[in-house]
Amino acid sequence: MAHSYTPGLKVLKKTLFKKERILPLKGKVLVKKGDKVTPDTIVASTNLPGNVQMLKVNNLLNIEPQDVKNCLKVKEGDVVKKGDLVAETAGIFGMFKSSVESPVDGTIESISDTTGRVVVREAPVPVEIDAYVQGQIEEIISEEGIVLTSNAAFIQGIFGIAGEKRGKIKILVSNPEDEITEEMISADLKGKIVVGGSFISLAAYKKAINLKVAGVVVGGFNYFDLKAVLGYNLGVAITGTEDLATALIVTEGYGSIPMSNATFSLLQTYDGQEASVNGATQIRAGVIRPEIVIPLSEDSSNLSDVNKEPEGIKEGSLVRVIRAPYFGRLGTVSSLPSELHKMESETMVRVANILLKKTKDLKEEEILIPRANLEMVELE
Amino acid sequence: MKKIKSILATDCGSTTTKAILIEWKDDRYRLTFRGEAPTTVEAPFEDVTKGVLNAVMEVEELSGRKILKEGKIITPDSGVEGVDIYVSTSSAGGGLQMMVAGVVKSMSGESAERAALGAGSIVMDVLASNDGRLAHEKITRIRQLRPDMILLSGGTDGGTTTHVTELAEILAAANPRPRLGQNYKLPVIYAGNNKAQDAIQETLGEISDLDIVDNIRPILEKENLEPSRDKIHDLFMEHVMAQAPGYKKLMSWTDAPIMPTPGAVGSLIEMIAKKENISVVGVDIGGATTDIFSVFQGKFNRTVSANLGMSYSICNVLAESGLDNVLRWVPFDIDRSELTNRIGNKMIRPTTVPQSLEELVIEQAIAREALRLSFIQHKEFATSLKGVQSERTISDAFEQSASGQSLVNMMELDLLVGSGGVLSHAPRRQQSARMLIDAFMPEGITQLAVDSIFMMPQLGVLANIEKDDLKDEASQAALEVFDNDCLIRLGTCVAPVGSIKPGQLMAEITLNFQDGKTEVIQINEGDLKLIEHPYEEVKVSIKPSRGIDVGAGKGEAIESSIYGGVVGLIFDGRNRPITLSKTPVERIESLSKWSNAVDEYPKGDLL
């Protein structure tokens, strides 16, 4: 049977979810292998070097750099408090002295004869990393972090904004083709992860942010509305650091597109359950997709592996079209002809014959689509 | 007897690894086979050599020649199996990412940037004593960026040492960590005032892996980029590549150091411009970035527009150029919000291809803007040295030329080469020619070409082999394959420019073909005309109207030889810059007229 390798987004009912939690710099790991953790458990911590203040002592005292050392009241390694004397000139007969005081609490890191600068480093900044999902510590990476595993349902979105959030899932619509409207967002959704169908308007998403909803999972969002949320045009899809109360996870793409049935029904199953979501997206080499992780009970039988090699598209595969003019339509592969076909654009490509499913407004039809414009909808 | 009978060259890109086989056949070097496979730097493979072997295996299958044995490349060529030389370039894992620092931003800062870009790196930021940022802001920035290496320059030899030492102190205070690997020191190259070398050693010697090379700007009037560029290449191999999975093994296979992909392309373009004594502009438009290389007046420049590209960065093209500038190239009406969603969807699903003609036209409109913006950035960067005092005579008194003028002169340009998916794989070559002309707006006589399978990286590294016994033949092979197999000659663009009223005669051109036929054509303002003709010499004499220039000066006639190609001879009377009417009906009419003149798109309901 002909194959085509088109990695799709994962929609897994049950999998052994693995996650690395690594410190930005070496530090201390606070858990042991085998420990059970909740999303809020701190698994590792470290201290980032503090900020640096550079004192131009020669300028401040109006002397040559090489004379700075004669005026210093501190040496490298000394701990200083804000206002402590760092350097002072001898003055004239002990009068008219000029002096330099430390602007911060910190440590004298270096003193330069060439430039006359004294570097004061502030106290280190502590950094802690939590577990993010409920699970078990699988591996300790010495001084750097941990790997944890969790039996979970796992869904990838296509694009997201804002970083890690958690909360209980709340399904807002009865049908994957329905939109989340502004009226559906109410104060009782604070801290929840709300799930909608095909679309959320800018007004509804802004309301969710105001009411501190933890996350929104939805089929589509308008690209040009992102500017109103972020304050700038999103040029490249590298996100996750946005400071927003509500993570947005788009499962299908820009515009109004019904959420795939597989994704919607899986989320429906876990209505009311705790989940962890992350909007971080990076669409470059080393792709990162936004994700929804729903930890399950202890039972680890019948797990599908989240890291398994993506299967290719085969005859009978459920696929989604990911480019206009049939964008967002779902269908099944009826055949994969091996020869190149000329499209309307005159591009010569390998194609697949797709039986597009009927939707609310469109009828079932059979059509040739470039294989590059198809995405596998992966099911177990 | 040739010492080199066969050459295998690979380019490990961020997504695809491409292999080519070059063989000595019929008294010249030719590209005979090529293969490609996905790059395997990332999980789950994490070994670049797997992708290389897969690509080479495809070459083996196609050529029927055995090249691999027990997972290794067989050398030398025994006549029936193996190859004589194996070389490779790499841009996998995000390529080489550098930060550069100089005392004065427009002087040593710019020279350092030029050296880094020329070596094939992405410059993440340029720090300078006068860049307006406070010391702690610079420190925060250095920490955030985590470059692969840093190039520090500043001061002329023997001059003041304070400023450059201050920069070193800022670096030391930031104590930056390299991007890859937590366990090694960050490589820093010092290429500044030689008098400050001891102070720099003292400041940075312990916390970084410091290398000291000759000053990049020994005197104000001279730029000395070579030592820094070479050192960047060495460190790229020793540190950055050595951290990437599988590269140690790959390095042990190659006969020449692995070069960063854009560095190899740049050196090939430089070599061709020198050999032919011509001015060249080369462009590689990718999914994430657009690289532009140029040689004008013998000076090589490269710029990377890091966020202008056709897939990952496509929304940034839209953000930077504005939707109106993209839409001005589209000869039909389209709903604006629908269009931005479509472009957004291309960004998040970057591997899709245009199925409908409408999608293709929109994609090529965006490409024009991406190329135009990248070229503006290039022109601003490719300048003569700034801060140089030049002697002037009385005859210069009326010329307002100052130091730091752009070297790019479109009238002087001889050859424009395009590569990258949207240019190399356009369904019709006419489309590639149109995109190049509309975006770069060449003036006078300019040859157009595309690199069909982006072979320039492999040829570039081949041209750079330094082993004495192989050097000459390797560079001969690179140039021969470049001439015979690499470029697809599109044709020549003849564009008279000057001030003239719409519709008036710009030039009269007499074409003398090799078969003895003669043709005379007239170009009026606003015309675009095509004469189909293969890659053969055509003698032309061009008589421009008063005030119009085709290369010899305003109103001056010119005799020259031009070449056709797969598209032919294009006569462009649209003047410069190409301006489109603000009235939609008129704009669409002009666009359709130009499209039809060169048979750019299939005719149908859309056009």
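What distance separates the centres of domain 2 of chain A and domain 3 of chain A, taken over C-alpha atoms? The separation is 27 Å. The model is a predicted one. The points below go from domains to chains to helices.

1. **Domains of chain A.** Chain A is split into domain 1 (52–121), domain 2 (158–289) and domain 3 (318–376). Domain 2 of chain A puts 5 residues in contact with 4 residues of domain 3 of chain A. On the domain 2 side of that contact, 1 residue is nonpolar, 2 are polar and 2 are charged.

2. **Domains of chain B.** Chain B also has a domain 1 (6–92), a domain 2 (95–252) and a domain 3 (282–383 + 405–598). Note that domain 3 of chain B is given as two segments, 282–383 and 405–598. The centres of domain 2 and domain 3 of chain B, taken over C-alpha atoms, are 35 Å apart. Contact between them involves 4 residues of domain 2 of chain B and 6 residues of domain 3 of chain B. Helix H2 (residues 105–118) of chain B gives the most to the domain 2 side, with 3 residues. By class, that side has 2 nonpolar, 1 polar and 1 charged residues.

3. **Where the chains meet.** The contact between the chains draws 45 residues from chain A and 46 residues from chain B. On chain B, the elements giving two or more residues are helix H3 (135–145), helix H4 (162–174), helix H9 (314–321), helix H11 (336–348) and helix H12 (357–381). Of these, H11(B) gives the most, with 8 residues. The chain B side counts 18 nonpolar, 21 polar and 7 charged residues.

4. **A sheet in chain A.** Look next at the open sheet of 4 strands in chain A, ordered S5-S10-S9-S6 with antiparallel pairing. Strand S5 (52–56) and strand S6 (79–80) of chain A are its edges, and each pairs on one side only. Strand S9 (residues 106–111) and strand S10 (residues 117–121) of chain A pair over 4 bridges, in the antiparallel sense. A:Ile108 stands opposite A:Val120, a residue of S10(A). A helix of the other chain packs here: H4(B) touches S5, S9 and S10 of chain A. The direction of H4(B) makes about 15° with that of S10(A).

5. **H4 and H5 of chain B.** H4(B) also has a helix partner in its own chain. The axes of H4(B) and helix H5 (residues 197–204) of chain B come within 9 Å and cross at roughly 10°. The two helices, H4(B) and H5(B), are therefore roughly parallel to each other. From H4(B), the contact uses B:Thr165, B:Ala168, B:Glu169, B:Leu171 and B:Ala172. H5(B) answers with B:Ala199, B:Ile200, B:Thr203 and B:Leu204. These residues divide into 6 nonpolar, 2 polar and 1 charged.

6. **H12 and H14 of chain B.** How do the axes of H12(B) and helix H14 (residues 429–440) of chain B cross, and within what distance do they come? They come within 8 Å and cross at roughly 40°. H12(B) and H14(B) are therefore oblique to each other. The crossing is right-handed. H12(B) makes the contact through B:Gln364, B:Ala367, B:Arg368, B:Leu371, B:Arg372 and B:Phe375. H14(B) supplies B:Gln431, B:Met435, B:Asp438, B:Ala439 and B:Phe440. By class, the contact has 6 nonpolar, 2 polar and 3 charged residues.

Key:
Residues are numbered from 1 along each chain as its sequence is written. Chains are lettered from A and ligands numbered from 1 in the order in which they are written. This is a predicted model: local features need pLDDT of at least 70, side-chain atom pairs count only at pLDDT 80 or more; totals for chains, interfaces and linings use all residues. Two residues are in contact if their C-beta atoms, placed from the backbone, lie within 7 Å. Ala, Val, Leu, Ile, Met, Phe, Trp, Tyr, Cys and Pro count as nonpolar, Asp, Glu, Lys and Arg as charged, and the others, Gly among them, as polar. Axes are lines fitted to C-alpha atoms, for helices over the stretch in contact, and angles run from 0 to 180 degrees between N-to-C directions. Angles under 35 degrees count as roughly parallel, over 145 as roughly antiparallel, 65 to 115 as roughly perpendicular and the rest as oblique. A crossing is left-handed if the near helix is turned anticlockwise from the far one by less than a right angle, and right-handed if clockwise. Domain bounds come from an automatic or database domain assignment. Two strands pair if DSSP finds at least two bridges between them.
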